[in-house]
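Q: Please take a close look at one part of this model: the side-chain pairs that involve its helices. Where do they sit, and what surrounds them?

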Amino acid sequence: MAVNLTELSLPQLEGLKTQLDQETEFLSSSIAQLKVVQTKYVEARDSLNVLNKSNEGKELLVPLTSSMYVPGKLNDVDHVLVDVGTGYFVEKNVENGKEFFKRKIDFLTKQIEKIQPALQEKHAMKQAVVEVMNMKLQQLHSQQASQSGTTKA
């Protein structure tokens, strides 16, 4: 449904601008969240590169929390447990783990690419609304100035 912005009143334009602000904020937030998850998958995929025969048996720190670690030894460099969501883990070999993370990264990239055009469109619409609002405000000010000029005369 196309609406001619110049036919809307200032309060209607203000309401439309508020709605567009909320929508752009939501889309921006969605993209940011997807990028955070995508970064975690990239880091997980990249960390699989240390799993090779030359590192087998080496000591490392195993995280218990984000700030607490215990010493450990890397015994199996061929298999990993991958968090597939909702508390489920699947054992995979390193190559399958890399493929899993690649699929997740690609999926998130596609989702971000789907949202970007909608965000750009909302930004353009908001800019158009602001321009029409400014035009109407200038018209209102010039009318008020001309009325006050005619009443003084």
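A: The answer starts with the overall fold, then turns to the charged pairs, the aromatic rings and a surface patch.

This is a predicted model, so local features need pLDDT of at least 70, side-chain atom pairs count only at pLDDT 80 or more, and totals for chains, interfaces and linings use all residues. Residues are numbered from 1 along each chain as its sequence is written, and side-chain values use heavy atoms, with hydrogens and water left out.

The chain holds 2 helices and 4 strands. Helices (H or I, at least four residues) and strands (E, at least two) are DSSP runs, numbered from the N terminus. In sequence order the pattern is α-β-β-β-β-α. The C-alpha atoms occupy a box of roughly 95 × 35 × 25 Å along the principal axes. Among contacts with a separation of 6 or more, 56% join residues 24 or more positions apart. A contact means heavy atoms within 4.5 Å.

Now the charged pairs. Side chains of opposite charge can pair when their charged atoms come close. The whole structure contains 8 salt bridges, each a side-chain nitrogen of Lys or Arg within 4 Å of a carboxyl oxygen of Asp or Glu. One of them joins Lys17 to Asp21, with the closest N and O atoms 3.3 Å apart. Both residues lie in helix 1 (residues 10-47), and because they are 4 residues apart, about one helical turn separates them. Lys17 is partly exposed at 21% relative accessibility. Asp21 is also partly exposed, at 26%. Here buried means under 20% relative accessible area, exposed over 50%, and partly exposed in between (1.4 Å probe, protein chains only).

Asp21 has another partner. Its side chain meets that of Lys126 in a salt bridge of 3.0 Å, N to O. This pair links distant parts of the chain, with Asp21 in helix 1 and Lys126 in helix 2 (residues 94-152), 105 residues apart. Lys126 is partly exposed, with 23% relative accessible area.

Next come Arg45 and Asp46. Their side chains form a salt bridge at 3.3 Å, N to O. Asp46 is partly exposed at 38%. Arg45 counts as partly exposed at 28%. As for shared partners, Lys17, Asp21 and Lys126 are joined by their salt bridges into one network.

The aromatic rings come next. A pair of aromatic rings is described by the distance of the centres and the angle of the planes. Rings of Phe, Tyr and Trp (its six-membered ring) pair if their centres lie within 6.5 Å; planes under 30 degrees apart count as stacked, over 60 as edge-to-face and the rest as tilted. The count is 2 aromatic pairs. In one, the ring centres of Tyr41 and Phe101 are 5.9 Å apart and the planes stand at 40 degrees, so the pair is tilted. Tyr41 belongs to helix 1 and Phe101 to helix 2, so this pair ties together parts 60 residues apart in sequence. Phe101 is buried at 9% relative accessibility. Phe101 also pairs with Phe100: the centres are 5.3 Å apart and the planes at 75 degrees, so this pair is edge-to-face. Phe100 is buried, as is Phe101. Tyr41, Phe100 and Phe101 make up one aromatic cluster.

Last, the strands and the surface. Leu60, Val62, Leu64, Met68 and Val70 form a nonpolar surface patch of about 390 Å². Patch residues have over 30% relative accessible area and no salt bridge; like charges are joined within 9 Å, nonpolar side chains (Val, Leu, Ile, Met, Phe, Trp, Tyr) within 5 Å. Strand 1 (59-65) and strand 2 (68-73) each supply at least two residues. Strand 1 gives the most, with 3 residues. Leu60 is in strand 1 and is partly exposed, at 34%.

For the chain as a whole, buried residues make up 21% of the 153. The accessible surface is about 11100 Å², with 56% of it on carbon and sulfur atoms. Accessible areas come from the Shrake-Rupley method with a 1.4 Å probe; for residues, only the protein chains shown count as cover.
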